[in-house]
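Trainee: I am new to this one. Could we look at it together, one question at a time?

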Amino acid sequence: MKRSVELPSELVVCILSRLPSKSLLRCRSVCKSWLSFISSSHFKVSHLDKFNQLNSRYLVRRFILHESKEEYTVHFDDQNFTLDTNSPIQSPFNFYLSGTEVLSFKIIGCCNGVIFFSTDTIGRDEIILWNPSIRKKLTLIPPMFPRSELLDLDIYFCFGYLALSDDYIVLRIAKDRGLSSITTTHVQIYTVKTAIWRELVFPKDLSSSIVSSISQVFVNGSVHWVACEDIYSATPLSILTFDMSTELFGKIHLPDFLVHLDLFQMKLAVVLDSLAVIYCCRYSAPWNTSCAYEIWAMKEYKKPSSWTMLCKVSFPNNDVGSPLGLTNNGNLITVGSKEGDVMICNWKRSYTLYGPCSKDDDSKYTFVERYNESLALLDHGELDDENEVDLSMP
């Protein structure tokens, strides 16, 4: 009988770190040593890096109105945005229809394979962190803000990752003008490992106001939002930042050309690991509808002089919709202005990836983001129920 050869542990780890997340869950049952290192923070980080380097992909989430359900698909970052049929994602979420209105959780962001959901329904502040690759979810109920001060309340969320501690962080910001002209800003922060909410102080000398939680990106260890100095005039525009490691807010200046333009035509993005801005200008006239896009990227982080316009493209006589994101492969992904159709534009042509799925151009029902498989939340939260998990509005 031939004697079995035992592979070096370094080689075993190298092989396992290139397997899909679902396969690793089964591998934990092989022996105690495999269970131990697959569950370790070091291996989780190694797997996140090595597996996704070979599998650059994007996640698309759509809401199918006539079927009252949402659909998730994964696509390769190639010129055709090819569907990855080997990575199906089954949505565990239900929706509630109130007349013609669809009530659901909106996606704020996606980081290392964890999708951040929140509800914008007043009186029901609920957060879901969901890793579909291992079917783990974590439900958070944030504590109440001081109601005596919050009379006219706008709440914004952000979500990111702290590499130093291998931890996921949720930020909750409430802005209230109340009955006076003085804006009060309250900030709460939550870390998954500690499972604790705590208060942070928003700097008084920082006058920028977040416009929307939906247009945010996480890059260079910080979350970024489009912001404005004057909430009434919505100008001048800038980018508000929050550094996950220092827990400090900051501001990045936009290119001069963009500072006084329409904030609702701005979309933050990440291009080749650089902070980027997509500016969309859409024209409507009785005889035609067209649109144009400019893509700006910051070559050196936090150095405004390094803003560079990567490209400018026009689609005459064709409104391809509002920008959802930009892939590293150069594809612009948009959601159609009439029936929520998702389109791919690669500067030479545009084509419909998915047909109509909703009644209007509402980005909270359509979401595109870089998708990384990971073992995040492996030791937190709970497994999806085999039956659908009801996250509908009451």
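Trainee: Is Val219 buried or exposed?

Mentor: Happy to start there. This is a predicted model, where local features need pLDDT of at least 70, side-chain atom pairs count only at pLDDT 80 or more, and totals for chains, interfaces and linings use all residues. Residues are numbered from 1 along each chain as its sequence is written, and side-chain values use heavy atoms, with hydrogens and water left out. Buried means under 20% relative accessible area, exposed over 50% and partly exposed in between, with a 1.4 Å probe and protein chains only; because Val219 has 8% relative accessibility, Val219 counts as buried.

Trainee: Which residues is Val219 in contact with, leaving aside neighbours within four places in sequence?

Mentor: Val219 sits in strand S14 (residues 216-219); strands (E, at least two residues) and helices (H or I, at least four) are DSSP runs, numbered from the N terminus. Contact means heavy atoms within 4.5 Å. With neighbours within four places set aside, the partners of Val219 are His224, Val270, Asp273, Leu275 and Tyr301.

Trainee: Which residues touch the most other members of the largest nonpolar core?

Mentor: A nonpolar core is a set of buried Ala, Val, Leu, Ile, Met, Phe, Trp, Tyr and Cys residues joined through side-chain atoms within 4.5 Å. The largest one holds 20 residues, and those touching the most other members are Ile239, Leu254, Leu258, Met266, Leu275, Val277 and Trp307.

Trainee: Which element gives this core its largest share?

Mentor: Elements that give two or more residues to it include S14, strand S15 (222-230) and strand S19 (274-284). The largest share, 4 residues, comes from S19.

Trainee: How many residues are in the second, separate core?

Mentor: Among its members are Cys158, Val187, Ile189 and Met244. The count for this second core is 19 residues.

Trainee: Is Ser87 buried or exposed?

Mentor: Ser87 lies in the loop between strand S2 (69-76) and strand S3 (96-98). Its side chain makes a polar contact of 2.8 Å with that of Arg57, and another of 2.8 Å with that of Asp84. A polar contact is a pair of N or O atoms within 3.5 Å; within protein, one must be able to donate a hydrogen and the other to accept it, and residues adjacent in sequence count only if both atoms are side-chain atoms. As the relative accessible area of Ser87 is 13%, this residue is buried.

Trainee: How far apart are the end C-alpha atoms of helix H4 (residues 41-53)?

Mentor: The expected span of a helix is 1.5 Å times one less than its number of residues. H4 has 13 residues, so it should span 18 Å, and the model agrees: its end C-alpha atoms are 19 Å apart.

Trainee: Which are the edge strands of the open sheet of 5 strands?

Mentor: The order is S5-S6-S7-S8-S27, with antiparallel pairing. Two strands pair if DSSP finds at least two bridges between them, and 2 bridges join strand S8 (residues 136-140) to S27. Pairing on one side only, the edge strands are strand S5 (106-111) and strand S27 (382-383).

Trainee: Where is confidence lowest and where is it highest?

Mentor: pLDDT is the predictor's confidence in each residue, from 0 to 100. The protein has a mean of 79, and 77% of its residues reach 70 or more. Over residues 358-362 the pLDDT is below 50. Confidence is lowest in S3, at a mean of 55, and highest in strand S12 (residues 196-200), at 93.
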